[in-house]
Amino acid sequence: MLLFIVLVAIVALLLMITVIKLNPFVSLIVTAIGVGLAAGMPLVGPDAAHPGIIDSIKNGMGSTLGFLAIVLALGTMLGKMMAESGGAERIAKTLIGLFGEKNVHWAMMFVAFIVGIPVFFQVGFVLLIPLVFTIARQTGVSLVKIGVPLVAGLSVVHGLVPPHPAAMAAVGIFKADVGTTILYSIIVGLPAAILAGPVYGNWIGKKIYREVPKEMGDQLTESVEAKELPGFFNTIFTILVPVLLMLIATIADLFVAKGTTLYQAFKFIGDPIVALLIATVYSFFSLGYARGLSRETVLKFTNDCLAPTATILLVIGAGGAFNKVLLDSGIGNYIAQLATASHISPILLGWGIAAMIRVATGSATVSMMTAAGIVAPIAAVMPGVNVELLVLATGAGSLILSHVNDSGFWLIKEYFGMTVKETLATWTALETIISVVALGMILLLDVFV
């Protein structure tokens, strides 16, 4: 009966989002209440040890956002500083110069992989698409050949690499180590980005030749403001500061005696909140004040960039609430017992659930959060489960088979001036390649770690 409740809940969630067109935040909260009622939870719990439906929703949303809201706000500010300072443009121009015109599609993949670390997929895409248009016009190369590696690099980082919101939320749900997850995500993500980006992009670019759409291209390439860009190493270092600090905390677990002052210091500065705080404040100086930007300008940037984060925060918070209701109702433990008895690999289960929800809803964030909520109780009771790889498995599943119900599908279609069929052959195919290759790398890595 409990398993049936979960299946009905997932179907209801998908119908609310896709057919009724209800906001994902509202859909997740309604589904969480429905699951609680169906599982026999009290409306209001008598005490903290026996929470009711509303208590679970409050606790789940609060515990998820208590950590993630800070991370998301700081990461967004860091990305804004990089965008407004011209740091992203500097990285792109330097790497394109390094790789050469012939291998410009390889350069775009690495540009996207680096630039994508502190910014959302849509932000990174809009930030870098003028460079893609400019290069395509200058070289005469198919827009598809250059653009596919760009979106592949951004998509991999978006789905797999903390401190991106959904990945960070999954880290919290699975109680995974952030530094280890980042390290594994690079090992898994780079091969996936290479195969889906430069390799597939070069092949499909020969089949589908697209020039830069005239109106869009004229708008984004002709009125470029001439400005002095920040230094390459300065920009790279600023972006990688939080990643390096979080990796320090992981290294401390391996090589520094626990309980020592040095260990505590490393764990403190390597905490995602502290690491991003240090990096964000540093960016105010390295990409802001040191380059002549006034305090008022930097303040404006950091204020303006926060508004668009509200929607994604609410969806992730609601996903946390849904997860908490599954746990408090006893459904999570029941599913865990079934999975343990059937010996299903949690990695395959997490990937499969996330993939099904992604295909149905089109939302990578919703699919990753829902899959993490279902699989986390299984990971908690099964011995030997690598929770860091589980984070990556749900992330990989959440990227598969993007199609017409995903806003990213239409974003790529319109900017590249492609038909629906061509978008399926490029964007949908590369997303699926990323998902499948990443799963293969995760299963391979699971043998050795």
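Helix axes here are lines fitted to C-alpha atoms over the stretch in contact, and angles between N-to-C directions run from 0 to 180 degrees. The model is predicted.

**View 1. Helices α18 and α19 cross at roughly 150°.** Their axes come within 10 Å. An angle over 145 degrees counts as roughly antiparallel, so α18 is roughly antiparallel to α19. The crossing of this pair is right-handed. On the α18 side, the meeting residues are M368, A371, A372, V375 and A379. On the α19 side they are V387, L390, V391, T394 and G395. Helix α19 covers residues 387-397 and has the highest confidence in the chain, at a mean of 92.

**View 2. Helix α8 packs against helix α18 at an angle of about 15°.** Helix α8 runs over residues 165-174 and helix α18 over residues 364-381. Their axes lie 9 Å apart. Angles under 35 degrees count as roughly parallel, and α8 and α18 are therefore roughly parallel to each other. The crossing is right-handed. Helix α8 contributes A166, A167, A169, A170, I173 and F174 to the contact. Helix α18 contributes T365, M368, M369, A372, G373, V375, A376 and A379.

**View 3. F174 is in contact with eight listed partners, among them A372 and V387.** Neighbours within four places in sequence are set aside here. F174 belongs to the largest nonpolar core, which has 139 residues. Which residues have the most contacts inside this core? They are F125, L150 and F174. Helix α3 supplies the largest share of the core, with 12 residues.

**View 4. L68 sits in helix α3, residues 53-85.** Is L68 buried or exposed? Its relative accessibility is 1%, so L68 counts as buried. Beyond neighbours within four places in sequence, L68 is in contact with P165, M168, A169, L313 and I316. A169 also takes part in the contact between α8 and α18. G97 is 29 residues from L68 along the chain. The C-alpha atoms of L68 and G97 are separated by 37 Å.

**View 5. Helices α5 and α7 pack with their axes 7 Å apart.** Helix α5 spans residues 104-115 and helix α7 spans residues 143-160. The angle between them is about 25°. That makes α5 roughly parallel to α7. The crossing is right-handed. From α5, the meeting residues are V104, H105, M108, M109, A112 and F113. From α7, they are K145, I146, P149, L150, G153, L154, V156 and V157. L150 is also one of the residues with the most contacts inside the largest nonpolar core.

**View 6. F237 and T238 both belong to helix α11.** Helix α11 covers residues 232-255. F237 has 42% relative accessibility, so F237 counts as partly exposed. T238 has 1% and counts as buried. Which residues does T238 contact, leaving aside neighbours within four places in sequence? The partners are L78, A279, Y282, S283, S286 and L287. S286 lies 49 residues from F237 in sequence and 9.6 Å away, C-alpha to C-alpha. T238 and G97 are 141 residues apart in sequence and 21 Å apart in space, C-alpha to C-alpha.

**View 7. K21 and K175 each show a positive phi.** Phi of K21 is about 65°, although K21 is not a glycine. K21 lies in the loop between α1 (2-18) and α2 (24-38). At 65% relative accessibility, K21 counts as exposed. For K175, also a residue other than glycine, phi is near 60°. K175 lies in the loop between α8 and α9 (178-207). K175 is exposed, with a relative accessible area of 72%.

**View 8. Helix α10, residues 214-221, has the lowest confidence in the chain, at a mean of 54.** Over residues 222-226 the pLDDT is below 50. Beyond near neighbours in sequence, this stretch has one contact in the model. Where pLDDT is low, the predicted coordinates should not be read in detail. The chain averages a pLDDT of 81. Of its residues, 90% score at least 70.

Note on methods: Residues are numbered from 1 along each chain as its sequence is written. This is a predicted model: local features need pLDDT of at least 70, side-chain atom pairs count only at pLDDT 80 or more; totals for chains, interfaces and linings use all residues. Side-chain values use heavy atoms; hydrogens and water are left out. Helices (H or I, at least four residues) and strands (E, at least two) are DSSP runs, numbered from the N terminus. Buried means under 20% relative accessible area, exposed over 50%, partly exposed in between (1.4 Å probe, protein chains only). Contact means heavy atoms within 4.5 Å. A nonpolar core is a set of buried Ala, Val, Leu, Ile, Met, Phe, Trp, Tyr and Cys residues joined through side-chain atoms within 4.5 Å. pLDDT is the predictor's confidence in each residue, from 0 to 100. Angles under 35 degrees count as roughly parallel, over 145 as roughly antiparallel, 65 to 115 as roughly perpendicular and the rest as oblique. A crossing is left-handed if the near helix is turned anticlockwise from the far one by less than a right angle, and right-handed if clockwise.
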